[in-house]
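Please open the structure in a viewer and keep the sequence at hand.

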Amino acid sequence: MYFKEFDIRWSDLDANRHLANSAYINFMSHTRMGFLIENGFDQRTMAKHNMGPVIFNENIFYFKEAFQGKPIKVSFELGGISEDGAFFKFVHNFYDYKGRNLAHCEMQGAWLNLETRKITPFPKELFSLLENAPKTTDYKVLTKEDMRAAGKMPADLKG
């Protein structure tokens with residue numbers, strides 16, 4: 001499992017003086033990008049391949065509050081990828097300084113070609129990065145249908 005440790009800053013708190021929802025999302029993003037960057041997939045590489053990540057959904061389950069004053073750890077694991085690497089599921093857990101699980105998040109997304117604005121496969125020469133990533137115990141090969149498994153579809157306003 002890959003971890004990043006964070007101090008909770010004043011700006012990470014909400015009106016209830018605990019870790020704000022937006023801070024959870026920022027810490028998860030920093031953690032997964034930390035893993036990717038440390039393994040050779042940085043901004044320069046994304047620019048070379050004209051691609052970036054697009055998130056379809058993030059489902060966060062909160063178990064305990066996180067407060068300022070003690071560090072927290074955020075984990076990263078790969079919950080699944082499609083055969084071509086275009087689709088992914090990333091899983092994060094938050095732990096307090098005693099190792100207690102504070103929150104769990106599963107997020108799904110894809111890699112976006114920034115020119116065509118279409119989903120694109122992960123670069124073949126970097127595929128070992130995903131294959132060698134820490135994986136969840138329920139890791140699976142994803143399909144396009146898995147990305148819509150929750151059944152949520154757009155509902156546009158009418159007239």
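**A tour of side-chain contacts**

Begin by selecting glutamate 38, which is exposed because its relative accessibility is 51%, above the 50% cut-off. The model on display is a predicted one.

Select arginine 32 and glutamate 58. These residues form a salt bridge whose closest N and O atoms are 3.7 Å apart. Because arginine 32 lies in helix α1 and glutamate 58 in strand β2 (residues 51–62), the pair ties together parts that are 26 residues apart in sequence. Arginine 32 is buried at 7% relative accessibility, whereas glutamate 58 is partly exposed at 27%.

Move to aspartate 12 and arginine 9, another salt bridge, with the closest N and O atoms 2.8 Å apart. Is aspartate 12 buried or exposed? Aspartate 12 counts as buried, at 5% relative accessibility, while arginine 9 is partly exposed at 48%.

**Aromatic rings**

Now turn to the aromatic side chains; the whole structure contains 13 aromatic pairs. Select phenylalanine 6 and phenylalanine 27: their ring centres are 4.3 Å apart and their planes meet at 25°, so the pair is stacked. Phenylalanine 6 is in strand β1 and phenylalanine 27 in helix α1, so the pair ties together parts that are 21 residues apart in sequence. Phenylalanine 6 is buried at 11% relative accessibility, and phenylalanine 27 is buried at 5%.

Select tyrosine 24 and tyrosine 62 for another arrangement. Their ring centres lie 4.9 Å apart with the planes at 75°, so this pair is edge-to-face. Tyrosine 24 lies in helix α1 and tyrosine 62 in strand β2, so parts that are 38 residues apart in sequence are tied together. Tyrosine 24 is buried at 3% relative accessibility; tyrosine 62 is partly exposed at 39%.

Then select Tyr2, Phe35, Phe41, Phe76, Phe88, Phe90, Trp111 and Phe122, which ring pairs link into a cluster.

**Lysines over rings**

Finally, select lysine 70 with tyrosine 97. Lysine 70 lies over the face of the tyrosine 97 ring, 4.9 Å from its centre. The last stop is lysine 135, which lies over the face of tyrosine 139 at 5.5 Å from the ring centre.

Technical notes: Residues numbered from 1 in each chain as written. Predicted model: local features only at pLDDT ≥ 70, side-chain atom pairs only at ≥ 80, totals over all residues. Heavy atoms only, no water. Buried < 20%, exposed > 50% of the residue type's maximum accessible area, 1.4 Å probe, protein only. Salt bridge = Lys/Arg side-chain N within 4 Å of Asp/Glu carboxyl O. Helix = DSSP H or I, 4+ residues; strand = E, 2+ residues; numbered from the N terminus. Phe/Tyr/Trp six-rings, centres within 6.5 Å; stacked < 30°, edge-to-face > 60°. Lys NZ or Arg CZ within 6 Å of the ring centre and 35° of its normal.
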